[in-house]
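Me: I'd like to learn how to read helices and strands in a model like this one. Could you walk me through a few features?

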Amino acid sequence: MTAVHKYYSVDEWKAFAQSSPEALDFVTVSSGTSEDDIKRLSSIVNEVPGISGITLDIANGYQDSFPDIIARVRDAFPKHTIVAGNVVTGEVVEDLIRAGADVVKVGLGPGSVCITRIKTGVGYPQLSAVLECSEVAHEMGGHIMADGGCTCPGDIAKALGGGADFVMLGGMLAGHDQSGGELRTKEDGTKVKTFYGMSSETAMSKHAGQVASYRTAEGKSVEVPYRGDVTDTLQDILGGLRSTCTYVGAAKLAELAPRTTFIRVQHQANYFYGTKH
C-alpha cells in the first residue's frame, strides 16, 4: 500500500485513476486536519470513487481536536478504511479507534529523516510503543501501523512480532525507480536520489513556499544511493519475513506475534567485516 501525500490536486488524482485504475486498490489519500485539508480530501474521495483508503496524517496525534476530525471523516465516508496517527500510547489509540479509525499509526521520531526527537526532545522507543499500542488496539478490534525506525528486514519482523498489523517504510524504499526524488549523477559517476521528510525544510519550501516563522523543520533532506527497481528490495524483505516465520514456527504472519519473545541485548549482529548486509 502507498499513502499518497496530500499535495496532489483533484485533477491529478482523476488523471491517475484514469491511467491506472487497478492501482486505486493499493493507495490511500492522505490529509491533514485543517479545513482546507478536509475540503481537498472530500473533493478527491468524491471525485475518485475507486479510492477506498484515507490516511489522516499529522505529526502530533495528541491534539484535542483529532478524535473529532476522525469522527467527522468517518461520518462522511462510512465505508472507507481510515488510518490515523501518529501516537505512541495506548490511551490515545483507544480514543482514535473509538472516534472511527480502523488503523492507528504509531511512532514519534524514529524515522531515518525525522529529527523530531532532536528538535523537540519528544519521542518514544518504537518497539515499546508498538507493544503497548497493539495490545490496546487488538482488544478493541482495531489495528496499528508501526511507522518508522526500520533499517532492515529483521526490523520489520520485530515490528510484526511486537503486534503491528502493518509496517510503514520510508528509508528502506527510498532511492528506487518507483520512489520520488531527483535522480542525479555525481562527479565520481555514482547515481543518487534525494529523500526528505515531509516536515523538512525541503518539503515545506516546495509545498508551502517556506518554513513558517513560528516553527522549525523536524525532518531532513539526504541523498541516498540509486537502487534501481524496487522489486529486488521487496523480495529481500519478503524472504526475510518468511525465514522469520520458519524460525519461530509461524505458519502465517498472524501467528508471528504470539510466537515471539523479546529479550534485551547489547548487540544482536556480528559486524566484524563492517557490513550490515
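Me: Thanks! Let me start with a helix: which helix is included in what covers the buried residues of H9?

Reply: Helix H7 (153-161) is included in that cover. Do keep in mind that this is a predicted model.

Me: Which residues of H9 are buried?

Reply: Start with the general idea: an α-helix has 3.6 residues a turn, so residues three or four places apart point the same way. In this case, the buried residues of H9 are Thr-233, Ile-237, Leu-241 and Cys-245. They lie on the same side of H9 because the arc they cover around the axis is only 115°.

Me: And what is exposed on the other side of H9?

Reply: There you find Asp-232, Arg-242, Thr-246 and Tyr-247, which are exposed.

Me: How many residues does H9 have, and what follows the helix?

Reply: H9 spans residues 231-248, which makes 18 residues. From first C-alpha to last, H9 reaches 26 Å, close to the 26 Å expected at 1.5 Å a residue. After H9 comes Gly-249, with a positive phi near 80°.

Me: Now strands. Which residues of S5 are on each side?

Reply: The general idea is that in a regular strand the side chains alternate between the two faces of the sheet. In strand S5 (residues 103-106), Val-103 and Lys-105 are on one side, with Val-104 and Val-106 on the other. All of these are buried, and both faces of S5 are covered.

Me: Which strands pair with S5, and in what sense?

Reply: Strands of a sheet pair through backbone hydrogen bonds, either parallel or antiparallel. Here, strand S4 (residues 81-87) pairs with S5 in the parallel sense over four bridges, and Val-87 is opposite Val-106 in S5. Between S4 and S5 the chain passes through helix H4 (residues 90-99), making a right-handed β-α-β crossover. Strand S6 (residues 143-147) also runs parallel to S5, joined by four bridges. Ile-144 in S6 is the bridge partner of Val-104.

Me: Where can I look for antiparallel pairing?

Reply: Look at the open sheet of three strands, with the order S8-S9-S10. From one strand to the next, the twist averages 35°. Strand S9 (residues 191-196) pairs with S10 over five antiparallel bridges, and Val-192 is opposite Pro-225 in S10.

Definitions and conventions. Residues numbered from 1 in each chain as written. Predicted model: local features only at pLDDT ≥ 70, side-chain atom pairs only at ≥ 80, totals over all residues. Heavy atoms only, no water. Helix = DSSP H or I, 4+ residues; strand = E, 2+ residues; numbered from the N terminus. Expected span 1.5 Å × (residues − 1). Buried < 20%, exposed > 50% of the residue type's maximum accessible area, 1.4 Å probe, protein only. Arc of directions from axis to C-beta. Contact = heavy atoms within 4.5 Å. Pairing = 2+ DSSP bridges. Right-handed = clockwise from strand over helix to strand, strands pointing away. Axes fitted to C-alpha atoms, helices over the stretch in contact; angles between N-to-C directions.
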